[in-house]
Amino acid sequence: MMKNFKEIIIILVVSIAIGLLYNSSQPKPLPLIYKKKELAQISDDLLFNSANGSSFSSDISLKDEATVTYEQMLKIVASDDFVIVDARSSDFHEKNKIGNAINIFPYDDESEVMNKVLDLPSEKTIIVYCDGGNCDSSHKIAEILINFGYKTHIYSGGWDEWSKKQGVE
């Protein structure tokens with residue numbers, strides 16, 4: 001029994017060592033400690049001036065994701081200069097959504113996601129949200145949109161913050 005236990009420990013240690021070596025040899029190794037991506041909050045001037053047709057500010061490039069606040073979302077919902085994208089699953093989207101949000105779930109069929117992305121108006125600023133907190137769906141959709149050249153920002157408070165502040169279940 002003790003011999004089996006020692007063999008299991010040796011196999012486990014060797015496996016971990018091989019995994020760490022393999023990971024460190026990759027061009028983009030996985031981080032050993034999770035670090036939450038800190039996003040800059042976009043100012044009202046940059047958000048609403050770039051949405052009204054002026055040139056996109058060089059302070060925040062198309063390759064940068066920036067967050068919008070709940071207060072900014074209130075103005076965004078009332079404006080025609082933005083498209084809101086709900087990155088939650090269609091089940092949640094059908095129950096409730098922010099404003100006239102359209103649904104693009106990153107884990108749907110890839111061709112369906114791409115068709116929806118390509119149907120978005122290129123002249124409008126896109127605001128993406130999901131559940132908020134640890135939800136990464138909005139980041140996945142935002143990355144796709146940014147790669148296609150859309151002016152894109154994330155509402156990091158997401159549905160969680162919106163529903164609480166709006167009193168929606």
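Helix axes here are lines fitted to C-alpha atoms over the stretch in contact, with angles running from 0 to 180 degrees between N-to-C directions. Helices are DSSP runs of H or I with at least four residues, strands are E runs of at least two, and both are numbered from the N terminus. This is a predicted model, where local features need pLDDT of at least 70, side-chain atom pairs count only at pLDDT 80 or more, and totals for chains, interfaces and linings use all residues. Residues are numbered from 1 along each chain as its sequence is written, and side-chain values use heavy atoms, leaving out hydrogens and water.

Now to the pair itself: the axes of helix 3 (residues 70-77) and helix 7 (residues 158-166) come within 11 Å, crossing at roughly 80 degrees. That makes helix 3 and helix 7 roughly perpendicular (the label covers 65 to 115 degrees; under 35 is roughly parallel, over 145 roughly antiparallel, the rest oblique). Helix 3 brings Tyr 70, Glu 71, Met 73, Leu 74 and Val 77 to the contact, and helix 7 brings Glu 161, Trp 162, Lys 165 and Gln 166 (contact means heavy atoms within 4.5 Å).

## The overall layout

Seven helices and six strands make up the secondary structure, and along the sequence they run α-β-α-β-α-β-α-β-α-β-α-β-α. Take the contacts between residues at least 6 apart in sequence: 69% of them join residues at least 24 apart.

Of the 169 residues, 36% are buried (under 20% relative accessible area; exposed is over 50%, partly exposed in between, with a 1.4 Å probe and protein chains only).

## Two nonpolar cores

A nonpolar core is a set of buried Ala, Val, Leu, Ile, Met, Phe, Trp, Tyr and Cys residues joined through side-chain atoms within 4.5 Å. The largest one has 17 residues, and Leu 47, Val 68, Met 73, Ile 76, Ile 98, Ile 127 and Tyr 155 touch the most other members. Helix 2 (44-51), helix 3, strand 3 (82-86), strand 5 (125-129) and helix 7 each give two or more residues to this core, with helix 3 giving the most, three.

## Ser 137

Ser 137 sits in helix 6 (residues 137-147) and is buried, at 6% relative accessible area. Not counting residues up to four places away in sequence, Ser 137 touches Ala 87, Phe 105, Pro 106, Tyr 107 and Cys 130.
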